[in-house]
Amino acid sequence: MLTLDDKRVWVDHVVDKITAKMDWVSVKSKDKIPYTTIDGEHDDRSVHNSTHSADDGICWWTNGFWGGMMWQLFNATGEPKYKQIAEISEVKLDSCFQKFDGLHHDVGFMWLPTSVANYKLTSNPESRNRALHAANLLAGRYNPAGEFIRAWNDIEGEDTRGWAIIDCMLNIPLLYWASKETGDPRFQHIAMKHADTTMNTFVRPDGSVNHIVEFDPAVGGVIKTYGGQGYAEGSSWTRGQSWALYGFMMSYNWTQKEEYLDTAKRVAHYFIANIPEHGIIPIDFRQPAEPVLEDSTAAAIAACGLIEIAKIVGTHEKQLYLNAALKLLQTLEQLRTDWTPSCDCILQNGSAAYHAKSHHQSIIYGDYFFIEAIFKLKGTDLYIW
């Protein structure tokens with residue numbers, strides 16, 4: 001067991017490695033909006049590709065995380081280049097507002113780490129306008145009959161009008177922010193209605209979580225649940241667990257509603273109880289033993305949520321959550337990071353979905369949440385949620 005001094009030394013060491021790597025990666029990829037790597041090089045989702053669908057390419061849901069990484073670095077170091085690089089991707093995202101079929105519930109993921117972060121740090125009025133525009137788009141997806149925010153747009157061959165997903169718990173902070181910024185309670189009303197519905201229909205009694213819940217879009221009420229990006233219906237997709245864990249903490253931080261904190265803790269206890277001894281998180285806690293598939297991004301996101309819970313609870317509980325976060329992050333740092341010039345990403349072995357064609361690649365939100373979690377431990381993070 002590491003002593004408190006040992007933990008501080010380790011955190012400082014990892015912060016130094018992050019800043020050293022991002023010093024050159026940021027410049028190398030300054031004109032890109034990365035999602036993954038190809039032969040170690042960041043790809044670029046901001047480049048037009050005729051094979052991309054309307055919500056792919058520049059409108060891809062992860063396109064805010066690169067800017068978010070830059071704002072985290074700017075906040076921690078004060079180096080102007082990170083601000084300048086973050087602003088490049090924020091401006092590029094403006095074109096998404098002209099693509100109605102390219103945007104859906106994930107506008108929070110896109111404009112919280114970019115425009116809201118920019119506005120928090122610089123008071124840029126253009127960033128405020130972008131974020132409020134995105135918040136209005138998100139609010140417009142609210143279904144009052146079912147009291148949920150609709151996920152995605154129409155999918156060929158599927159009736160998705162009543163679909164909601166656990167991921168949206170990290171989009172609704174954009175609505176909380178918009179209410180605070182404008183003084184208009186409508187945004188928070190929608191966010192809390194969605195959070196309440198998610199709490200009551202997604203989170204199971206044992207703390208495991210559904211990925212997709214289908215509601216009747218006309219009159220409300222649950223029709224069925226789906227396994228989504230996890231192994232199967234009724235299983236336990238680990239990134240979905242981490243979205244719930246961190247997402248309910250975000251709603252608690254905005255509203256102080258105790259049920260949200262209790263829900264975050266229930267999901268956290270389930271997550272902690274299922275962390276393998278080796279600390280490597282599978283794609284789904286209920287997946288078969290073979291093949292051995294993992295998702296490092298779920299570990300990084302969960303660590304962020306666990307640290308936030310530790311900030312709120314009493315001293316007799318605090319260490320439970322911090323120790324779990326440290327185990328996840330130390331396992332990642334020791335076994336699943338690349339600090340060399342051969343790869344533009346830091347975190348390795350991320351997986352988007354259990355049944356995806358490929359697994360164990362670098363994914364930009366893995367880097368973002370790993371950096372956010374380490375900076376949380378250091379006390380230099382920018383809380384954008």
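Okay, let's start with a cysteine: Cys345 counts as buried because its relative accessibility is 0%, where buried means under 20% relative accessible area, exposed over 50% and partly exposed in between, with a 1.4 Å probe and protein chains only. Cys304 is also at 0%, so it counts as buried.

Before I go on, this is a predicted model: local features need pLDDT of at least 70, side-chain atom pairs count only at pLDDT 80 or more, and totals for chains, interfaces and linings use all residues. Side-chain values use heavy atoms, with hydrogens and water left out, and residues are numbered from 1 along each chain as its sequence is written.

Cys345 has the sulfur of Cys343 as its nearest, at 5.4 Å, and is in no disulfide either.

On to the rings. We get 30 aromatic pairs, counting rings of Phe, Tyr and Trp (its six-membered ring) with centres within 6.5 Å; planes under 30 degrees apart are stacked, over 60 edge-to-face, and the rest tilted. Take Tyr35 and Trp60: they pair edge-to-face, 5.5 Å centre to centre with 90° between the planes. They sit 25 residues apart, Tyr35 in the loop between α1 (4-28) and β1 (37-38), and Trp60 in the loop between β2 (41-42) and α2 (65-77). Those helices (H or I, at least four residues) and strands (E, at least two) are DSSP runs, numbered from the N terminus. Tyr35 and Trp60 are both buried.

Last, the inside. The largest nonpolar core has 124 residues, and Met22, Leu175, Phe369, Phe370 and Trp385 have the most contacts inside it. A core here is a set of buried Ala, Val, Leu, Ile, Met, Phe, Trp, Tyr and Cys residues joined through side-chain atoms within 4.5 Å. Helix α10 (residues 296-312) gives the most to this core, eleven residues. Leaving aside neighbours within four places in sequence, Met22 is in contact (heavy atoms within 4.5 Å) with residues including Trp66, Met69, Tyr82 and Ile371.

Notes: A disulfide is a pair of cysteine sulfur atoms within 2.5 Å.
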